[in-house]
Amino acid sequence: MWEYTDKVKDHFLNPRNVGDVENPDGVAEVGSMACGDALKLTFKLDENKRITEARFKTFGCASAIATSSALTEMIKGMTLDEALKVTNQDIAAFLGGLPQEKMHCSVMGKEALEAAIANYRGTPAKEPGAQIICECFGVTDRDIERAVRENNLTTVEEVTNYTKAGGGCGNCHDAIGQIIERVRAEARPIARPKLSNIQKMKLIEETIEREIRPSLKHDGGDIELIDVVGNRVLVATRGACAVCKASDLTLKHFVEVKLRDLVSPDLVVEEVAP
Amino acid sequence: MKTIYLDNNATTQVAVEVMEAMLPYFRDFYGNPSSMHSFGGQVGRKLWEAREQMAALIGATPDEIVFTSCGTESDNAAILSALAINPDRRHIVTSRVEHPAVRALCAHLAVQGCRVTELPVDKEGLLDLDQYEKSLTPDTAIVSLMWANNESGVLFPVEKAAELAHDRGILFHTDAVQAVGKIPISMQANAIDMLSLSGHKLHAPKGIGVLYVRRGTKFSPFLIGGHQEKGRRGGTENSPAIIGLGKACVLAAQHMERENTTVKQLRDKLERELLTRIPKSRVNGNVANRLPNTTNISFEFVEGEGILLLMDEHGICASSGSACTSGSLQPSHVLRAMGVPFTMAHGSIRFSLSIYNTEAEIDFVIDKLPPIIERLRSMSPYWLPGEEACARA
């Protein structure tokens with residue numbers, strides 16, 4: 001049984017704005033019966049170009065119906081530019097959260113909204129050149145890229161929860177993994193502000209604690225942070241690592257790579273005598 | 001709110017008589033049945049009685065009964081045993097509609113190098129015996145086919161299939177978790193080598209299962225440990241649950257006729273009335289050849305989770321083969337194997353009854369479900385009022 005919030009239940013049991021707007025200004029249908037959920041969104045603008053009426057028809061589970069209902073409530077009174085700023089996270093937050101496996105319902109809401117606005121403006125709904133990655137659910141590389149970017153996703157499973165991509169035959173898992181890597185590689189320089197020395201040291205400590213020590217301990221080794229001097233990270237190896245002939249390799253290819261990846265690309269790891 | 005429980009293929013209520021039979025073995029007679037003292041020994045004698053009761057329900061002898069922890073363990077034990085005692089055979093024949101306890105295990109074994117043939121079913125969920133026969137090879141270690149399907153209730157001709165396997169010297173296992181207690185089974189009258197069943201599907205508690213192993217069948221244990229179950233399954237016996245299962249077997253034998261008359265009539269009434277009252281609905285699976293307690297009905301253009309949650313508001317318990325309830329984003333593998341169209345598969349509901357259901361409960365569901373479907377359809381972009389008119393005309 002899914003753990004739905006009271007607000008999700010309320011919007012499922014008492015959905016707002018079910019139906020079709022008469023003579024709508026914008027209309028869109030996203031999803032398909034084969035995929036298990038589909039949403040038809042219609043809206044009308046007033047003389048100030050604000051959304052005065054929005055209605056939905058949804059085929060899908062309780063959370064698909066609840067997110068559709070929430071979406072129509074949220075965008076009422078907004079200009080189209082304001083409405084375009086609504087993210088799938090906003091829709092989920094409006095409902096007090098959704099189970100991870102149901103986040104794709106909020107993504108469907110966001111897609112319907114964009115498509116309906118594009119329909120009104122006469123622009124193509126999907127960016128040109130998008131390629132289908134997931135054949136089972138018809139999800140494109142652009143859809144996946146955006147979900148990864150906007151929701152900071154890191155695993156294929158998360159991408160499936162948010163977009164459904166990869167939830168069928170599973171043949172596209174590698175392709176999804178590559179998209180995640182690509183998007184995260186782009187995002188890094190922008191997402192990482194310049195660190196003060198104290199922040200850097202703290203982040204290095206946390207990264208060693210969280211990302212590095214568990215793997216080393218798994219093989220009977222361990223590592224200790226001794227000091228950080230500029231970009232030099234001074235460490236001492238312990239346990240199996242201290243006597244391991246390959247520990248230099250471990251430091252360069254695992255510890256340094258991890259720290260460069262997660263903290264700063266200029267870091268150099270050096271071993272000091274214990 | 002009263003609970004109307006129509007999800008007995010998922011699990012059943014523990015019968016009051018079963019509960020009472022078990023309680024002393026939690027409270028007072030907690031001895032280990034393997035102990036030398038009479039305090040433990042008396043439990044051992046009671047376990048033997050339960051073993052006899054279990055054997056009687058399926059026409060077996062007590063020494064052919066191996067108690068396990070659940071149906072899944074029994075399935076795993078059977079298939080892995082067959083591979084262990086036939087080290088030169090690496091082929092498994094099974095079907096596309098098996099329970100995950102068999103299906104996921106076979107998928108796992110396929111990764112480890114076994115060759116697995118998953119036989120298809122037709123649109124009514126039936127097996128093609130000719131195709132089955134052709135799939136048997138000298139390399140086949142075991143056939144595992146379920147007796148009754150948990151989602152559709154459709155029965156496989158396992159007795160005939162077991163003979164065909166035997167003719168070729170191949171072991172035959174059946175997952176009879178849904179069949180035991182609902183239809184008559186006599187192991188004396190068939191050639192099946194191993195059969196799995198689960199206590200909690202027949203009003204015994206969860207945590208107790210059985211693997212029937214035909215006398216003379218070579219067996220390699222799954223749980224290796226003590227001498228329990230004649231070395232066929234290590235681990236101290238779950239005595240209260242075994243005693244409860246024994247009692248449940250006695251009750252199941254007594255209730256077998258009611259299961260196939262009263263329960264069947266209630267199931268038929270539920271099905272007939274829902275199909276009449278709700279346009280664009282249909283039954284999944286062959287109606288003539290299925291369990292007496294199960295019906296799987298699809299309501300077109302709506303999604304199962306919504307139906308379940310709205311029924312839940314009335315205390316009605318059932319289950320669905322829709323994607324949103326399967327946890328996998330795709331509708332149930334059983335419905336897909338049967339080629340049920342997506343428009344139907346997502347809106348499928350399985351009702352499974354027991355002897356504890358009453359006609360008043362069935363009438364309540366017949367009354368409550370049509371407006372639920374109508375309400376969800378009114379929200380569905382695929383439902384056009386015209387279609388309803390057509391369907392009714």
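**Entry 1: a helix in chain B.** I began with helix 4 of chain B, where I found Ala101(B), Val102(B), Arg103(B) and Leu105(B) listed as the buried residues. I kept in mind that this is a predicted model.

Next I asked what covers the buried residues of helix 4 of chain B. The cover includes helix 3 (71-85) of chain B, along with strand 3 (91-95), strand 5 (140-144) and strand 6 (171-175) of that chain.

I then checked the length of helix 4 of chain B: its twelve residues, 100-111, reach 16 Å from first C-alpha to last, close to the 16 Å expected at 1.5 Å a residue. After the helix comes Gly113(B), with a positive phi near 110°.

**Entry 2: an alanine in chain A.** I moved over to Ala92(A), which sits in helix 4 of chain A, residues 88-94. Is Ala92(A) buried or exposed? I noted it as buried, because 24 C-beta neighbours fall inside 10 Å and the cut-off for buried is 20 or more.

Which residues does Ala92(A) touch, leaving aside neighbours within four places in sequence? I found contacts with Gly97(A), Leu98(A), Met103(A) and Ser106(A). I also looked at Ala66(A), 26 residues from Ala92(A) along the chain, and their C-alpha atoms are 9.8 Å apart.

How values were computed
Residues are numbered from 1 along each chain as its sequence is written. Chains are lettered from A and ligands numbered from 1 in the order in which they are written. This is a predicted model: local features need pLDDT of at least 70, side-chain atom pairs count only at pLDDT 80 or more; totals for chains, interfaces and linings use all residues. Helices (H or I, at least four residues) and strands (E, at least two) are DSSP runs, numbered from the N terminus. The expected span of a helix is 1.5 Å times one less than its number of residues. A residue is buried if 20 or more other C-beta atoms lie within 10 Å of its own, exposed if 12 or fewer, and partly exposed in between; C-beta atoms are placed from the backbone. Two residues are in contact if their C-beta atoms, placed from the backbone, lie within 7 Å.
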